[in-house]
Amino acid sequence: MAAKELKEFSIEEVAQHNKPDDLWVVIDAKVYNLSRFKDLHPGGVSVLLEGDVAGQDATEAFYGLHRHEVLERPQYQRLQIGTIHGEKSVIYSQITGAISTVPYAEPTWLAEGYHSPYYTDNHREFQKAMRKFVDENIYEDAQAREEDGKRPSQSVFDKMAEVNLHAMRMGPGKHLKGLILMNGIVKPEQFDYFHELIITQEIVRCGARGYGDGLLGGKVIGLPPVLNFGSDELKAKIIPEVFSGKKFICLAISEAQAGSDVMGLQTTAVKSEDGKEWIINGAKKWITNATQISIFTVGCKTEDGLTVILVERGPGVETRQLKTSYSTSAGTAYITFDNVRVPVGNTLGEEGGGIFVILSNFNHERWVMCCSSARSQRAMIEECLKWATQRKAFGKPLISQAVIRSKLAAMIARAESVQSWLENITYQMNHMTYKQQANKLAGQIAFLKSYSTQCAQLTAKDAVQIFGGRGITRTGMGRFVEHYYRTVTFDALLGGAEDVLADLGVRQAMRAMPKNVRL
């Protein structure tokens, strides 16, 4: 179908079309005929007829009420009949794959003219490819699935598998050997935690918290125990299927009786009479992705203590969707195990050594959450800066109000401090073994996770205040702010509650406290 030919009009010509049955407006040098649309206008026809926009340049009025994406929808693009002679459209939203030009909307290393000691040219090339991949393959699916609550589309998982994103989300390591990463942009031996940080932060830009977890967040925390503690036979069976996006895995630790208190787990595993199988009974709660999952990494109480066992969905395994504050796209569920029998060979690590398996996984899990939290706070800064400059109140732009600038200043300071601390820790991770990370960084990561989620909740509150009523409305101008405010507490709880982690950080520090120091 040939593109519609658009005519050029003068402002004077447009002004003649200002009646109910002949109503034109100009938005960003584009002329729209709203004559047939006026009765369908969500704000009512009176807004168009009595709001001093009929036959006029309505750019300022439009952007005070609507997001730019509205104009990009096919049903509204069809209303455009022409352009204003001698003028060009200059307003845009986010260009696919591009770096935002809004101040502080990007971490400093991505902003034009700034430098960083941490990121190489390869990291920059990788970031460009990752942003393009997210914008082209994930963003639209994220918006749709966050709304309808369905699991992320299999086509997205398949696209991720094509560039080995499922493998890269596990971080650097031997599991990447022989794989072609992001079409060869980064070699397996080059891939480090900054590459992984980039992956996480680019996905977070979708602004769909439930979908973000649904995009196999459970795999990110459920597969490392297999990679690090599974037998060669188990790894050969499980890892290729998960990396290909054909089978999914999640971590099943939390219970109604035991959240941050891992030692309080009640799910039991006893050996069969012949000693060849585990028989598992109990229940897990708040398990990310569980409704969509075929493989579970399960923490159990055994005769020797805590043991982690790999369980495949089968007889005796039941999952039930839990309704939470964010989308059911995350697949959060309650799991029951009723006399579930699995081979003893599915044990991850030593029998009774499960606490080490679980704790060794926490550092990476919490670090990933810090990556997400840091980036999501920037999304709020970008939304608020855009809104504060285009929204008028009391006859002036919001940004002219000192109280608004004060809130923005606090939001920016928090985001910058979180990102800087995160990058310092990430640099340490790149130069430490897994064992050294567990010894040196457990407290640091716990502190950062607690601090970043506290900052995030303050930023969410400030963003709502800046957006006003729109900040608590699930559609329209403030939809991303409303969503963030509604879901921000997930990060404050998952991976360990803020208070528990802050206390962990202090206790870790006390272990290294010299015995002979005095004031």
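Leaving aside neighbours within four places in sequence, Gln127 is in contact with Ile99, Trp109, Leu110, Ile198 and Glu202. Contact here means heavy atoms within 4.5 Å. This is a predicted model, where local features need pLDDT of at least 70, side-chain atom pairs count only at pLDDT 80 or more, and totals for chains, interfaces and linings use all residues. Residues are numbered from 1 along each chain as its sequence is written, and side-chain values use heavy atoms, with hydrogens and water left out.

**Gln127**

- Gln127 sits in helix α5 (residues 121-137). Helices (H or I, at least four residues) and strands (E, at least two) are DSSP runs, numbered from the N terminus.
- Gln127 has a relative accessible area of 2%, so Gln127 is buried. Buried means under 20% relative accessible area, exposed means over 50%, and partly exposed lies in between (1.4 Å probe, protein chains only).

**Aromatic rings**

- The structure holds 15 aromatic pairs. Rings of Phe, Tyr and Trp (its six-membered ring) pair if their centres lie within 6.5 Å. Planes under 30 degrees apart count as stacked, over 60 as edge-to-face, and the rest as tilted.
- A pair of aromatic rings is described by the distance of the centres and the angle of the planes.
- Phe62 and Tyr63 are both buried.
- Another pair is Phe296 and Phe337, whose centres are 6.5 Å apart. Their planes stand at 90°, so this pair is edge-to-face.
- Phe296 lies in strand β9 (residues 295-302) and Phe337 in strand β12 (residues 333-343), so the pair ties together parts that are 41 residues apart in sequence.
- Phe296 counts as buried because its relative accessibility is 0%. Phe337 counts as buried at 3%.
- Trp109, Tyr118, Tyr119, Phe194 and Tyr427 form one aromatic cluster. Trp109 is also among the contacts of Gln127.

**Cysteines**

- A disulfide is a covalent bond between the sulfur atoms of two cysteines. The cut-off used here is a pair of cysteine sulfur atoms within 2.5 Å.
- How many disulfides does the structure hold? The structure holds zero.
- Cys206 is in no disulfide, and the nearest cysteine sulfur, that of Cys371, is 16 Å away. Cys206 is buried, with a relative accessible area of 3%.
- Cys370 counts as buried, because its relative accessibility is 1%.
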